[in-house]
Amino acid sequence: MEQDARLLTAMQTMCDSKIMENHPQREWFIADVARFLRDERYDELDARYNQALTESFASREAEKRYFQACTHTGNDFYDMDQVVEAGADGLALIKNWQRARPHSTHAWLAEVQYWNHYAWLYRSYGWAKETTRAMWICAATCNEQMVIAALNAIQRDPRQWMAASLTSTNSKVFGQPEWLVAFLQGEEVAGLPLMQELAGYHQHSPQEVEALMAHSGLSFENAICPALPRPPGLPDCDDDAGQQYWLSVCLRIFPTAFYALGEYIPFRMPRWRGSHEEIREFLASPVCAHLSPEEQEHLELLIWWDDYRDLNIEEISSPAEQERLIAQAREIALNARSREARHNALGWLMNCYDELKKEGELWHCIQLAVMEKRKLNNYFTYKAVEFAQRDFPNTYWIYNFICQNSQQTLYAATEIYRGYFQYAGLFGFEKNEEQAKAWLDKGSVNSVGCSLTWNWAIRSLNWLKLEEHCVPLAELGAQRNIPGALKWLGLEYADREDNTLLPYQPDIALDYHQRSAEILRAQIIRRDSVAYPLISNGGYTSYENDLGDTYFSISTCYQRLSKMETNPSMRTAYEKNLLDTLYQAHQFGHKDAWRYFLLNIFEVKDFTLAHQHLDLLHEEADKGVMEAMVTLSRLYGNKQDKKLFNMKKSARWYHFAKTLYPDSDVVWDCLAHLHGDAFWKRCRYAWLTLTLSDAELPGQVNPMV
């Protein structure tokens, strides 16, 4: 009851009170590292990070801030992201910092973060199923460079716990350099060769290795181990300098750390060859004795999350078991003391209720998530707006929700909503085109990578009964050369139904689709110009699929224009373009393009154009392809074509098509007027095919061969 009252109060406040408009500018945990490094503001950058490091020991909030500024795990907005994304140029900025301030621990921590992230990029995030051997070797090399940077960072400030935490995680995933145990046991390793496996693979495949190394700036200039510092206070090392060793380094520096433990435990789960029992024993050990009950609970619930995160409720056949699992998740969502645990449970519950089509429970769960300030993805953002239109009309709820949900989000549709609602003055946003432009021009929104999201956002306005806003949003996307927006406009202009939002104008539709195709082609060329790209496990990569769909849409426009055209030469040009774009659609994987290509050959008015494809048609028909047989029957049955007309051949191909595809409407619809819609035609057909046998049917395998 108390929780219901709290939720009711929170929702009422969102309805009644309008918060300040949020802004599209990026927020930083500590500093915009890339900008500070480009401006060579090293002292100011060091001062900020040194203060944040000092504060991290004093409170959990400060510890969290420092941790999130320095790690990319589950955190796409950490302070170093733009330096890392700059690749070798970013690494050069870090090296300049080190040279300018040789005693800076954070200059070396930046390099730790850099190699940490590139090791993961080479491996590829996710299950690494497509990671090549060369990529794995590069990842291990990055890990080796990371360990060297970590030793330097801790040497420059013995309080540098973050470097040890990052190295702990990577040691679990990428192992440890061969020389590390010997070094930690007191041996001298300066002058030892590094990158030996990479050098060996370079001899085998130099172009591949050099292309991969270029992504991060790995260089054989670092193939000799430098003189390494021995930070005081490092614990003794037996024969393992892996994940647990570096966690012990972190905890020796920061005995009461919490967030480093939250980073450690997920990599002890079964998916990383650990076990839940091992984790429970760890949580019960003296290592975790300093944790508060809330912190203990949070780490224990990581086990629950490991079990639930990939569980689809529809895979559970028993309704009773479904209810049990949902009740457990609901208990966590309502009563867990850890905000992250509540967020995890709410996210899982929203997916469950949506899959089970329980709208009431879903809306209640969304409201809880909004109260908890959990970011909603594109789909649940749309659902929240839909429910709020019904239950909170003429209030500030949608305005407040969109402001809250669009701030520092990974979900581009939320930002598109935020920008467009300001552009149109919807839901309490003051109409301001300049502010709207700032949102819609963000790099996270104004990119080809957001094409599918733009298309979905445009269509979602229709589902939200905001049909009159679909076209203006699509035009804003088209102004930014977003293929998904151009596609929507093209399809709308090409739709002949009376209930569409734009007039039927296939020539304008063609222009939009051609612009979209040009952008997609350029994107494919740009992508394929990288000889050995890293593997992308997220974001928009369906360029070929979308280009195939776009070519198919272009062909539809050409077909419509050819039927409207009265000028013979223009009609022939349209017909040729129709066939060419259907062929291109097929090449890019459109599943229906090939059969439409074959069928449209008999539709063209220019016989010369049809004759150019005759050999191809015979080749396909001999394989038993229905559409090719139908087209051949039509071509040979056309009395106007003095060169090809041969009714016997027409009847022959009709017979083959009808025999092989007896239930096909296409065969009858296309050929009945030649061979079946009148008694005399059926008689002629029977006479012309009297001597044909089943042995002549195309597409058969000769058992004697």
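1. Start with the overall picture: of the protein's 705 residues, 53% count as buried. Keep in mind that this is a predicted model. The fold is built with 36 helices and zero strands, and the C-alpha trace spans about 100 × 70 × 55 Å along its principal axes. As for how the chain connects up, take the contacts between residues at least 6 apart in sequence: 68% of them join residues at least 24 apart.

2. On domains, the assignment gives domain 1 (33-254), domain 2 (268-374) and domain 3 (602-704). How far apart are the centres of domain 1 and domain 3? Taken over C-alpha atoms, 69 Å separate them. Separately, the unreviewed UniProt entry puts the feature "domain: DUF4034" at residues 30-306. In the model that span is 62% helix and 0% strand, and its end C-alpha atoms lie 31 Å apart.

3. Now the packing. The largest nonpolar core has 136 residues, and Trp348, Ile366, Leu376, Trp397, Phe401, Leu461 and Val630 are those with the most contacts inside it. Domain 2 (268-374) and domain 3 (602-704) each supply at least three residues to this core. Which residues does Trp348 touch, once its neighbours within four places in sequence are set aside? Its contacts are Trp305, Tyr308, Leu311, Ile313, Leu325, Ile326 and Ala329. There is also a second, separate core of 102 residues, with Ala153, Val173, Leu218 and Leu283 among them.

4. Tyr264 belongs to helix H14 (residues 259-264) and Phe282 to helix H15 (residues 276-283), so the pair ties together parts that are 18 residues apart in sequence. Tyr264 and Phe282 are both buried.

5. Another tilted pair is Phe421 with Phe429, at 6.5 Å centre to centre and 40° between the planes. Are these two buried or exposed? Phe421 has 0% relative accessibility and Phe429 has 4%; the cut-off for buried is under 20%, so Phe421 counts as buried, and so does Phe429.

6. Rings also join up beyond simple pairs. Trp363, Phe387, Phe392, Trp397 and Phe401 are linked by ring pairs into a cluster. Two of these names, Trp397 and Phe401, are also listed among the residues with the most contacts inside the largest nonpolar core.

7. Two arginines are worth a click as well. Arg26 has its charged end over the ring of Trp28, 4.0 Å from the ring's centre. Over the face of Phe183 lies Arg230, at 4.1 Å from the ring centre.

8. Last, a look at one leucine. Where is Leu632 placed? It sits in helix H33 (residues 626-636). With a relative accessible area of 0%, Leu632 is buried. Leaving aside neighbours within four places in sequence, Leu632 is in contact with Leu614, Leu617, His618, Ala621 and Trp653. For a sense of scale, Leu632 and Thr409 are 223 residues apart in sequence and 56 Å apart in space, C-alpha to C-alpha.

Key. Residues are numbered from 1 along each chain as its sequence is written. This is a predicted model: local features need pLDDT of at least 70, side-chain atom pairs count only at pLDDT 80 or more; totals for chains, interfaces and linings use all residues. Side-chain values use heavy atoms; hydrogens and water are left out. Domain bounds come from an automatic or database domain assignment. Helices (H or I, at least four residues) and strands (E, at least two) are DSSP runs, numbered from the N terminus. Buried means under 20% relative accessible area, exposed over 50%, partly exposed in between (1.4 Å probe, protein chains only). Rings of Phe, Tyr and Trp (its six-membered ring) pair if their centres lie within 6.5 Å; planes under 30 degrees apart count as stacked, over 60 as edge-to-face and the rest as tilted. A charge sits over a ring if NZ of Lys or CZ of Arg is within 6 Å of the ring centre and within 35 degrees of the ring normal. UniProt positions are given in the numbering used here, feature names are shortened, and annotations may be inferred rather than shown by experiment. A nonpolar core is a set of buried Ala, Val, Leu, Ile, Met, Phe, Trp, Tyr and Cys residues joined through side-chain atoms within 4.5 Å. Contact means heavy atoms within 4.5 Å.
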